[in-house]
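This report concerns a single protein model. Please consult the sequence and the coordinates alongside the text.

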Amino acid sequence: KAQSHGSLASCKLATSGPGTPLAVWGTIFAMGVIDVSVLNLSGRYFHFQVKPEQSAADLKSLVASSWKVPYMCLKISVEMRVVEDDEILASLCDSGRELEVSALVVSEKLYDAIENGRLVERAAALTALPQIAQPGDTRAVEAALHALEQPAPILQMSALDTLAVIGKGNKLVINDIATLVCSVCSPHRDTCLKCHALKRLAEIAPKGEERALDALLVGLADTDERVRQQAKEAAPVLVRAGDSMFIARLVEKLRHSDRQVRHAVVETLPIVAGREGVDRAIFECGMLLDTNNWLVRQSALKAVASLAKGGGPGGRHSATTMAISCLQDRDRDIRCEALEILSKVASKGDEQAVLHVMACLTDGERDVRETVLRTLPLLAERGSNRILEAIETYLAHPDADVRHTAVVLMPALSLPGHSGSICALTPLLDDKLARIRCSAIDTLLALWEPVDLESRWADDTFEALLSCLMDPERAVRWAAMKDAEKILTERLDDGCFDERWREALGQ
């Protein structure tokens, strides 16, 4: 009821809708502000202000926002006349009369927009659908699934978002999204769509759902890094830890021709195996170590190492055994990979593993010998008599590269002051190769201790070192000079001066 009080007029706007009628009161001031309060049946108020020059569309937007309903579903009418969106609010509040405005939610308008609207309108309607539809609503789910089949990424993305709200656990929804992931594989595919589908699939499908697992495998084998990453993130959500069937299917992906795909599988295996499935996964990977493709063997070996890190003693033992067997592989890279893995999965001081690694010192490939040089110190315990006896045999090997590698390894395997090691190294001071003589001098210095100066074998070593000061190779003389200075200083400190060293140093 409107009453005129100078420049002030008031009007009553009563709104109603399905299930939750609203009452909207507004007061129009000459200053140009309409204060609006929205009250629903639960007693909750919503307050906002509009200007008289604003349109009915602005009012609809405010009511839709406060009522949490889609804008496009709202219909506003005055005296049985539908108000157009472009009508001005001031024209609806005539002074001196009662104004009743009805607001009604018409869900049919939303479905009509999904089916017949322009592309952007259809996407917006799909996004708004969960506001009026309950989870599992058959009509809403069917509308979203129909949109998912349309070859328009913007529409499909909105449909995926809607289905994540209203379609959880629905087998038909899971199947259609999985089909989308598996079929979006043309050169013109939308990578973002595939990533989004995998993300929503993880929210909708329960663990172990077969069609979801099919899509996950497709995602892990995708050539795009973003899709593979999204699949890896979805894996722990979709796969039951230790699922032997899925593990076997995933291991088969190690045969993929794309190196990045194989790498993604190696990273995913520990995630889906869990502690209960590590042994099974290692066994499945081990089955690939006999394949003719060396790239597959290499990936399988990496997967074994990755699995062993998170497994128990049994898994580490199996991984160690497999890596040892690969030390005899016909491919150089596999042998190098096996050496690297042994240093990570074998127990520190495992003599069997150390001896097998040491046997690679005679490998014909330089890369393999250099890998032994790098990994053996990480694996061996210093001072093991069995290991020292083995390495001493390589000090006398006819191959110069083997002798040199053994000399360089000695400080990592022996303990300072170990007489057997020093005595075994002394003859190499007369080796025919200068690089071996230099390395032998440096190794002796690393193992030397002041207490050794009075040992019964010290004189023989002194004599050999003294002869190196006269060596024809300058590098050997320089190495011996550095060692002689250290040892001579120690002898002087102990009061055991040897005149021969003074003479040698003087020359």
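The sections below cover the basis of the model, the overall fold, a pocket and one serine.

## Basis of the model

The model is predicted: local features need pLDDT of at least 70 and side-chain atom pairs count only at pLDDT 80 or more, whereas totals for chains, interfaces and linings use all residues. Residues are numbered from 1 along each chain as its sequence is written, and side-chain values use heavy atoms, with hydrogens and water left out.

## Overall fold

The protein contains 23 helices and eight strands, taken as DSSP runs numbered from the N terminus (helices: H or I, at least four residues; strands: E, at least two). Of its 507 residues, 49% are buried, that is, under 20% relative accessible area with a 1.4 Å probe, protein chains only.

Among contacts (heavy atoms within 4.5 Å) between residues at least 6 apart in sequence, 63% join residues at least 24 apart.

## Second largest pocket

R259, R262, H263, V266, E267, L295, Q298, S299, K302 and S306 line the second largest pocket. A pocket is an open set of points on a 1 Å grid over the protein atoms alone, where a 1.4 Å probe fits, with protein on both sides within 12 Å along at least five of seven lines; lining residues have an atom within 4 Å of a point. Helices α11 (259-286) and α12 (294-309) each contribute at least two residues to this lining.

## Serine 183

S183 lies in helix α6 (residues 171-183). Its C-alpha is 9.5 Å from that of K194, 11 residues away in sequence.

Key: Buried means under 20% relative accessible area, exposed over 50%, partly exposed in between (1.4 Å probe, protein chains only).
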